[in-house]
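This briefing is intended to be read beside the sequence and the three-dimensional structure shown below.

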Amino acid sequence: MAASRDYDHNNTNGYSSSSSNEDEYAGYPFDFLETDFQCIICTMVIRGFTELPCGHAGCKFCIEKWEKQKVACCECQESYDKTKKQESRYNDRKIKHERQARCKQHEQGCTWQGSIADYKDQHRKRCGFRNVRCRLCNQKVAHQEKEGHKLTCTHRLVNCTTCGAQYSFINKKKHEDEECKLPCDYYQYGCHEKVYKPHMERHLANLARRHIELVKSHYDRIVTELVSEKDKKITELNTTVNLQSEHIAELTTQLEVNKIPMATSSSSPTVKPAVKT
């Protein structure tokens with residue numbers, strides 16, 4: 001084939017085989033099991049079969065683009081009349097329905113083989129190896145790896161465990177340094193100020209005396225509460241002991257009042273001795 005066909009110097013063959021709207025482009029970007037019906041320009045299997053008067057054929061798109069530079073066959077250099085070109089729907093149907101191709105993702109592991117028509121109507125949407133684009137990072141990943149990518153995507157949304165705000169994982173450092181305020185280390189002692197992480201050290205240094213006073217006040221309050229709790233317990237125990245003592249005294253009194261006298265020898269009945277006759 002003539003070297004002059006290299007009309008797009010920004011692409012090795014002048015076309016993108018990964019475009020989402022591939023119907024606008026040249027040949028079918030498939031790996032076919034048979035290598036016939038190749039376009040004389042893009043070298044892929046012909047899409048929109050167009051035959052030139054010289055007998056060579058190519059994609060309708062490729063030939064029309066080529067004609068903007070030169071109305072001559074790029075294979076044999078024979079000039080022609082544009083009205084003499086012939087499109088073949090028969091060959092188009094044959095290519096789409098009879099020629100067997102591998103899945104576009106066969107290099108990634110897909111073993112499917114079939115016609116272009118079957119690929120477009122069925123397999124393309126079912127293939128687990130097809131690429132999908134992450135809407136967060138714009139990276140292409142295999143469809144079957146989509147769920148795993150959600151967990152590792154650098155742009156995944158995460159919730160800050162400190163302030164609860166949501167941010168992109170890739171901006172974690174920026175969030176921590178510029179957006180997230182941390183509670184003071186002495187929050188539990190009474191300093192309820194929130195400070196940006198880079199400013200925390202300065203905050204602790206500037207308010208060291210106040211923090212010491214808060215800690216002292218906190219523990220004084222604890223001691224006071226413990227002593228008060230202790231005194232309260234002692235009072236409760238004394239009250240309980242007093243109540244029990246009063247109850248015992250009442251029971252003792254009742255026993256004394258209701259006590260039954262014990263039997264004595266003076267009250268025992270007299271037994272008369274037997275009289276001898």
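**Cysteines and overall make-up**

C42 is buried, with a relative accessible area of 2%; buried means under 20% relative accessible area, exposed over 50% and partly exposed in between, with a 1.4 Å probe and protein chains only. The model is predicted: local features need pLDDT of at least 70, side-chain atom pairs count only at pLDDT 80 or more, and totals for chains, interfaces and linings use all residues. Residues are numbered from 1 along each chain as its sequence is written, and side-chain values use heavy atoms, with hydrogens and water left out.

**Disulfides**
- The count of disulfides, defined as pairs of cysteine sulfur atoms within 2.5 Å, comes to 0.
- C42 is in no disulfide, and its nearest cysteine sulfur, that of C39, lies 3.8 Å away.
- C153 also counts as buried, at 2% relative accessibility.
- The closest cysteine sulfur to that of C153 belongs to C137, at 3.7 Å, which is too far for a bond.

**Chain**
- The protein chain has 7 helices and 12 strands, which are DSSP runs numbered from the N terminus (helices H or I, at least four residues; strands E, at least two).
- Of its 277 residues, 27% count as buried.
- Among contacts (heavy atoms within 4.5 Å) with a separation of 6 or more in the protein chain, 32% come from residues 24 or more positions apart.

**Annotated region**
- UniProt, in an unreviewed entry, places the feature "domain: RING-type" at residues 39-77; such annotations may be inferred rather than shown by experiment.
- Residues 39-77 are 18% helix and 15% strand, with the end C-alpha atoms 15 Å apart.

- A nonpolar core is a set of buried Ala, Val, Leu, Ile, Met, Phe, Trp, Tyr and Cys residues joined through side-chain atoms within 4.5 Å.
- The largest such core has 30 residues, of which I41 and I95 touch the most other members.
- Elements giving two or more residues to this core are β3 (57-59), α1 (60-66) and α3, and the largest share, 3 residues, comes from α1.
- In helix α3 (residues 116-126), the buried residues are I116, A117, Y119, K120 and H123.
- The cover over these α3 residues includes β1 (31-32), α2 (89-97) and β6 (113-114).

**Cavities**
- There are 2 cavities of 30 Å³ or more; on a 1 Å grid over the protein atoms alone, a cavity is a set of points where a 1.4 Å probe fits but cannot get out.
- The second largest cavity holds about 30 Å³ of space, a volume being the space filled by probe spheres set on the points.
- Its lining residues, which have an atom within 4 Å of a point, include I40, I41, L52, I63 and W66.

Key:
On a 1 Å grid over the protein atoms alone, a cavity is a set of points where a 1.4 Å probe fits but cannot get out, and a pocket is an open set with protein on both sides within 12 Å along at least five of seven lines; lining residues have an atom within 4 Å of a point.
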